[in-house]
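Q: I have a structure to read and I am new to this. Can we go through it feature by feature?

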2 protein chains.
Amino acid sequence: MAYTYEYPRPALTVDCVIFGLDESHQLKVLLIQRKNDPFAGRWALPGGFVDMDESLEAAALRELEEETGVRDVFIEQLFTFGAPERDPRGRVVSVAYYALVNLSEHPVEAASDARRVEWFPVQELPPLAFDHDKILQMATNRLRAKVRYQPIGFELLPEQFTLSQLQQLYETVLGVDELNKRNFRTRILKMGVLREVGKQENVAHRPAKLYSFDKEAYEQLFRERYDDLLRRGVDFEI
Amino acid sequence: MAYTYEYPRPALTVDCVIFGLDESHQLKVLLIQRKNDPFAGRWALPGGFVDMDESLEAAALRELEEETGVRDVFIEQLFTFGAPERDPRGRVVSVAYYALVNLSEHPVEAASDARRVEWFPVQELPPLAFDHDKILQMATNRLRAKVRYQPIGFELLPEQFTLSQLQQLYETVLGVDELNKRNFRTRILKMGVLREVGKQENVAHRPAKLYSFDKEAYEQLFRERYDDLLRRGVDFEI
DNA sequence: TCAAAAGTGTTATCATTACACCCATGG
DNA sequence: CCATGGGTGTAATGATAACACTTTTGA
């Protein structure tokens, strides 16, 4: 069957940049190996064509699961890439999505067609197909910007976590050596979005307090913040 | 002539949300009146179909000029809207762009096909076609967020401007009553991105100092900021 | 008693807020 | 000399950064 239109149309695809944090606090990204030309054998972001009756987000989630087995992810739209020459096969416009997940909770599946799927450290990436390096670069920047004003990342930790774990997470996502322990703690506790829920047991050192993220407190805070911001006016801070 | 594809393809359009500031410090948005169904007679964002050999941004600028006569605008991508039912004619995915311009420097043209083009105050909008109210809402939010961390808006003022004018601008864009004069000034001057260039003449009150935006100083500042941010780590501020 | 990691005290400095007040000009 | 905006002083309070120190646990 074929589909005919009066005017030519670009093809429309979606691509997913899925960041994962592994046990050793490395930031990784999920890639698949292409089987077909163009770029056969190269690694690429999971993605594919949008069906006519699904939303863009649904398309991204569907392709992600089909190609990697990864599901139940909160993705957000990143940017739409539409340079005329970005795909050698012809005009293809791609809407990119991104997410940050707990790597250990999202095992990759050997996809049905035996395509390879792997997590790569963002520091040691293979050459990528199409303009996927550009997409990934933008996703990394966005993730780092976002981590500063939204409590992204709490989903990556166990339900209960220590402040050291949380600090580790921030250091990893921001790609920074070592944040000042004292100041990190003061800051994050002052926000009042963490609830103390117990302490570690059976560790060979002083047991750390365990916290969980208090979502309601956060949402409350967020609402208050908004009014503040308007009163302050200008900021010029990221 | 017709174009045939093996699989169906959504149509791809671009839409432009152009904000303008008028002389009386009102925030307005540029709309056109549709001639044809669906939504004939309704007001809508300027926009249209993407050609096969132009980038998305180029398509947005082309449609903007064709439909409104407005040109030489710095647009930025906002979001891509792709809900399956957003256009009654069928599947249409639209990449939205936005910009903020000095309204008086961008006169609208009676478009060749005599379609009406007008600036509407964002507070008093007519019903809009498609999901354009949603697009506009998102654009407004983005503009307000952006104005806090980027010196957007300086382009809207004359080359030389007073601090009161600048404050007015911020109040308008943020939709806020009155920022504290003292604090606004302290803050913005402390940044060091304004250069004093003279003073007003022939005004019936103490003449104000005139400033211009020091682009180099800003870019310098921006680079320094970035390192700082990494060291501070977590922020949770917008 | 030691290693390892958790957790705290403190201080100098800077930023923010809120108010009230003074200044220069043309009419 | 007054109306009209432009422009400044200041003090209380809170946030930030930097560094060194104490505590608690299992081995």
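Q: How much area do domain 1 of chain A and domain 2 of chain A bury between them?
A: Start with the general idea. The size of an interface is often given as the accessible area lost when the parts come together. Now this case, which is a predicted model. Domain 1 of chain A and domain 2 of chain A bury about 860 Å² between them. Of that area, 66% is on carbon and sulfur atoms.

Q: Which residues of domain 1 of chain A lose the most area to domain 2 of chain A?
A: They are L21(A), H25(A) and R144(A). Together they make up 56% of what that side buries.

Q: How many salt bridges and polar contacts join domain 1 of chain A and domain 2 of chain A?
A: The count of salt bridges between them is 0. For polar contacts, the rule finds 2 residue pairs across the interface, both at pLDDT 80 or more.

Q: How many salt bridges does the structure hold over all chains?
A: General idea again. Side chains of opposite charge can pair when their charged atoms come close. Over all chains, the structure holds 22 salt bridges. One of them joins R62(A) and E66(A), at 3.2 Å from N to O.

Q: Why are R62(A) and E66(A) separated by about one helical turn?
A: Because they are 4 residues apart in helix 1 (residues 56-68) of chain A. R62(A) is partly exposed, at 22% relative accessible area. E66(A) is partly exposed too, at 48%.

Q: Which residues are linked with R62(A) and E66(A) in a network of salt bridges?
A: D51(A), E54(A) and E63(A) are. So read R62(A) and E66(A) as members of a network, as well as a pair in one helix.

Q: Which salt bridge does D72(A) form?
A: The side chain of D72(A) meets that of R71(A), with 3.7 Å from N to O. D72(A) counts as exposed, at 65% relative accessibility. R71(A) is partly exposed, at 46%.

Q: Which residue forms a salt bridge with E118(A)?
A: R116(A) does, and the closest N and O atoms are 3.2 Å apart. E118(A) is partly exposed, with a relative accessible area of 30%. R116(A) is partly exposed at 43%.

Q: Is Q33(A) buried or exposed?
A: Q33(A) is buried, because its relative accessible area is 18% and the cut-off for buried is under 20%. Q33(A) sits in strand 3 (residues 27-33) of chain A.

Q: Which residues is Q33(A) in contact with, leaving aside neighbours within four places in sequence?
A: They are G41(A), R42(A), W43(A), R115(A) and R116(A). Look at G41(A) in particular. Its backbone oxygen lies 2.9 Å from a polar atom of the Q33(A) side chain.

Q: Which residues touch the most other members of the largest nonpolar core?
A: First the general idea. In soluble globular proteins, nonpolar side chains tend to be buried together. Here, the largest nonpolar core has 44 residues. L12(A), I18(A), V73(A), L12(B), I18(B) and V73(B) touch the most other members. A second, separate core has 42 residues, including Y170(B), V173(B), L174(B) and L194(B).

Q: What does V73(A) touch, not counting residues up to four places away in sequence?
A: V73(A) touches I18(A), L61(A), L64(A), A99(A), V101(A) and H106(A).

Q: Is A96(B) buried or exposed?
A: A96(B) counts as buried, at 0% relative accessibility. A96(B) lies in strand 7 (residues 92-102) of chain B. Beyond its neighbours within four places in sequence, A96(B) is in contact with several residues, among them D15(B), E76(B), F79(B) and I135(B).

Key
Residues are numbered from 1 along each chain as its sequence is written. Chains are lettered from A and ligands numbered from 1 in the order in which they are written. This is a predicted model: local features need pLDDT of at least 70, side-chain atom pairs count only at pLDDT 80 or more; totals for chains, interfaces and linings use all residues. Side-chain values use heavy atoms; hydrogens and water are left out. A nonpolar core is a set of buried Ala, Val, Leu, Ile, Met, Phe, Trp, Tyr and Cys residues joined through side-chain atoms within 4.5 Å. Buried means under 20% relative accessible area, exposed over 50%, partly exposed in between (1.4 Å probe, protein chains only). Contact means heavy atoms within 4.5 Å. Buried area is the accessible area (1.4 Å probe) that two parts lose on being put together, summed over both. A salt bridge is a side-chain nitrogen of Lys or Arg within 4 Å of a carboxyl oxygen of Asp or Glu. A polar contact is a pair of N or O atoms within 3.5 Å; within protein, one must be able to donate a hydrogen and the other to accept it, and residues adjacent in sequence count only if both atoms are side-chain atoms. Helices (H or I, at least four residues) and strands (E, at least two) are DSSP runs, numbered from the N terminus.
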